[in-house]
Amino acid sequence: MNDHQPSNRRLTEAGVQEDLQRQPHLFVRLAENALTVAESLRGNYFKNTATFIAALRKAIADTQQGRRTDPILEVRRVPETSWADVQDEVVTFIDGGVGQVQLASQVPILLRVGSYRVRTGERRLSEREQFGYYPVILGDLEGGSKERKDFIDIVRITAELLAGLSALERTPDLRVLIFHGPLTYLVGSYAGHTPFTERDIDLFLRQYAQDAQIARALKEDFLRQAHVDIYPKITKRPDEWARQRIFEPLSFIAFLLRRLCERARQRPVPAYIVGVVERGNLRELSETILLERVFRGLRQKGNIDYFNNMYGRTDLSTPKALLDRLGYTDALLMAMLLEPGQYSESWSMNKFDGLRRGEVALPGLADEELVNFEALKPGPFGFPRIRGCYLHVSEITEPVRIEVFDELADADYLENVVRRVYLYSRLLPGYGFPVGLDIADKYAHIPTWLTNAYSKLIRYHLGISLQQGEISDAEMRRVLVQAIYMTHRDWLFRPEP
Amino acid sequence: MATSRSNRALPNSQSPAAPAAPPSYVGTIVGESASREFRMAVAQEAIREQDLVAVDAELRPTDGQGPPESIRVWAKVQRIERLNPLFPSEAGHELAATRTNPFETVLSLSREMVTAVCQVLGAEPRGNNPRGKLDQLRYPPQPASSVYRPGSEDMARVVLGELAQRANRALDIATLSNRPEVSVSVDGHAIVTRHLAILAMTGAGKSWTARRIIEQLAAKNYPIVIFDPHGDYSRLSEVPALRQKVKRYYAQFPVFEQDSETVVKVVESLGWELAKTHRSHFDTLFEAARAFIKAPAPQIQERTEWLSDYLRNSKIKEYGLKPDLYFFGDFVQAVSAANAAEDFDSLSVLIEWCKQDDLRINKQNAKWLETFPNNLRTAAKRLRLMEKTNQKISGSLDPLPNDRTEIVQYGQVSVVSLAGYTGDFQATIYNLIANDIFQARVQEKLKLPVLLVLEEAHNFVPGRANTPAEERSIAITKQIAQEGRKFGIGLVMISQRPSRLDETTLSQCNSYIIMRLVNPADQNFVRKVIESLGEDEARLLPDLDVGEALLSGQLINFPVLVRIKPPESQGEREEEDAFKALEDAYRSLQQGARQPQEVRGW
């Protein structure tokens, strides 16, 4: 970012504007923001943003140079790392892909989680790389609320975590395990799904371990823990749930995350378990750390109207208000504050606020019952805490967010994770993302030819059924004809003139 | 065979005789398969470009009646694509910039997709096609079919095709490039009747190829006339089997045994274009000069002395008169001088000796003729120089016969050496010979068919003529290319600069042997003119090895990549190591210098 300007130039408003002009992706994001913010804020949006960022940069620089004692954000440079430093390390990347069939609308049909394991420095290809996949045909599942749009998400999250756990179990010397996406999602929004059945879990576990006994053990471990410790806290009928051997999705996901964390910690040197997020819209770091400290400082100095004066408003007096009004996100602010090769201080992420009470229907039942998901907040049987930070890989990309388990993440651990993510991402400077995830993504990708062929097959069978008079219900016939030729027109089913 | 009817394919699994993947399995058909082309996923490094492969299929009659027909579809591997879809090119740039070994990184190097694009050559009934002829395929091979490499015998049978039944026409010239054990014979009939072009850059092996073909044709006693501008065929007669068959001619030019039109062409190509006055008097002067020099010996003596005295040129007396352009120049000078000086006595002598009343011309025209002898002497000087060089390079004792069609003989390979002559004169000599042969065949005076081999054809048939000599040589070559087949004259054009060749003439060739071509203009030209050359084959041209060639057109069943077998003869220009030659020459010099000392020592 500062290759073309002296470091003090970077701290000025003009320097920030030059940076923005050199980074079209940032410029476009700001332009979008400028169009969506209130009219009164549009006028000098770019200029005011530059002023704001220059002030933040200066405060950060002052801290780094010892001129300021109350840091607004700790920024560190990724230690110099070369590939020679990470030789003979086993790294596994995990990513899931969804295959959607185009009928009248997109219908997800199957999901495939891919894993890519590689040992750096290994010359023998057969020893060096290994690919795994975990396919799930969504129609095969009995549980989960298929009518909900996020049904595919809980299936994918579950399958990805199983793939990660499987990698950790199968590979004693696994050093780094990287997931595409958050290590833990904002789980509150996924509450309320119908639990999975044991048969569903068997489908998930089919690819989990070479030895079926291990898969069975994992299942039984959960059911035991659920019966004794989890279900009593979240439902009034824990025994019935246990009797039905059902797997409440969030409880199971939390269990898998805890298992991952435990297994990583049990190694002589804890394995690095990482989630890497691109294009995130989170603003938690900005709101709870960066701007909170800025406002604190303003309050200390009696300058609480700093932003109001700058933007000509009266309501920019809290971090949330500022971010709401101006449309800034963590990624946007970090892109302007971090130089390539720098990463932000980490913070314990708040992913569990949304866990509240919700209603759940058990498989095969219409009645819903109240479930207390709050019990799954971090604790002995809830979700493990997550720590995150931002890493800026290259000037032409937005920073990525790195997430790790909080209980593993001492300073060394986090630094080692950042070094590796940076090194892996430097191979794709135009994407700024670990190249292994790109590989796993391509591997897990459901090829278009497959979903196209599948949709052709469906249409063919529907067409034959219609032709042969097997579907007699007039309304059903009308709907099917419409479903077929709303996409690719078929001469046989052309509309009436 | 039913392949040309519209039959329906049976899935492999439905065929009771459907074999498992054969041991020579090379891949599986993927994607959309068509009657002309299919793609196959390739087993690791199982094939090479231009390999011949086959797929077995079952075709049911379209009416559903009768048993399915077992066929074998033959195809040629046109292009192999190798892709690692998990290796982003951006990462490659980063590796290059940081000089990083990919094995040290987390990049994936193991997953490669190798796909081959295969051109369907045709199909034959399985197990019952001794003819080797392939029929058009009218129904695509089934996706997921196994593709295999047929055995050498099958391959040889199919490459030979119908030639197997016409062994007398087959010329054994090559082997399959990727399968050296498979011989490739070409149709000699197609070559001698429908013309052949051999196109290759210098050093790629075109003369070697031509010699191989000539040796094969000579073994069949086919009359061949080779126009050899550089002595490439000087050692053809060293082949024991050809010793009695090869006759080399040097292109000496017996001026007064030619018609006057021919001599005009020679003078104009070696001197300069004749002025109108010179041209209008040329025939008379030439016929008079011929009569002057064709006298019996005692009279020649008298005429030599007269001419020497009249022109006050003692050298005429000293060297005597010879029937060449020098003499013609002297003669014209005498006629011109006598008329200009109105020296009617001398003129009467000349008229009497030459039996030509037309030698009397007006004074003005006589003045204009004064510069004509200079033109003739310039031409004479150049002609003599070239003749000497030509004779030396050709190593031949035989001049061209006056009846040039005599060089066409049963079982004879006539090599007309053109080395030493300028391009124009080469074109003139070629034009004279080719024209005579063509006219003799048209008028049925020449009974034997003949094959003309034109080395450095771009000099004789350029796309655009720059001189009258080139115009004439283009015209006769075009005529032979277009009409030669009717009159039993075949043409082999050999060129290292195809893009300079006349497009019409080249496109009249029905057979092509194309070897390494690097020049983009040549590649584009060849691609444009030769319809039977596919895009993928054209792309191969710059990468062909020395001696490798693409055979295309009527000489072969289907286009194949071959390696030409070595000819038995060697070319004059087959290069020896330059540095070795230098050392040899130096040693020889030193020995020469030491020799007297050693003698003195004795």
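What is the mean pLDDT of chain B, and what percentage of its residues reach 70 or more?

1. Confidence in chain B. This is a predicted model. Chain B has a mean pLDDT of 86, and 93% of its residues reach 70 or more. The scores for the model are ipTM 0.82 and pTM 0.70.

2. Elements of chain B. Strand β15 of chain B (residues 450-454) has the highest mean pLDDT among the elements of this chain, at 96. The lowest, at 43, belongs to strand β1 of chain B (residues 8-10).

3. Domains of chain A. The domain assignment divides chain A into domain 1 (1-71), domain 2 (83-279 + 348-444) and domain 3 (448-493). Taken over C-alpha atoms, the centres of domain 1 and domain 2 of chain A are separated by 36 Å.

4. Contact between the chains. In the model, 23 residues of chain A are in contact with 15 residues of chain B. On the side of chain A that touches chain B, the elements giving two or more residues are β3 (106-119), α6 (125-128), α16 (411-426) and α17 (435-444) of chain A. The largest share, six residues, comes from α17(A).

5. The residues of chain A that touch chain B comprise twelve nonpolar, five polar and six charged residues.

Definitions and conventions
Residues numbered from 1 in each chain as written. Chains lettered and ligands numbered in written order. Predicted model: local features only at pLDDT ≥ 70, side-chain atom pairs only at ≥ 80, totals over all residues. Domains from an automatic or database assignment. pLDDT = per-residue confidence, 0-100. Helix = DSSP H or I, 4+ residues; strand = E, 2+ residues; numbered from the N terminus. Contact = placed C-beta atoms within 7 Å. Nonpolar A, V, L, I, M, F, W, Y, C, P; charged D, E, K, R; others polar.
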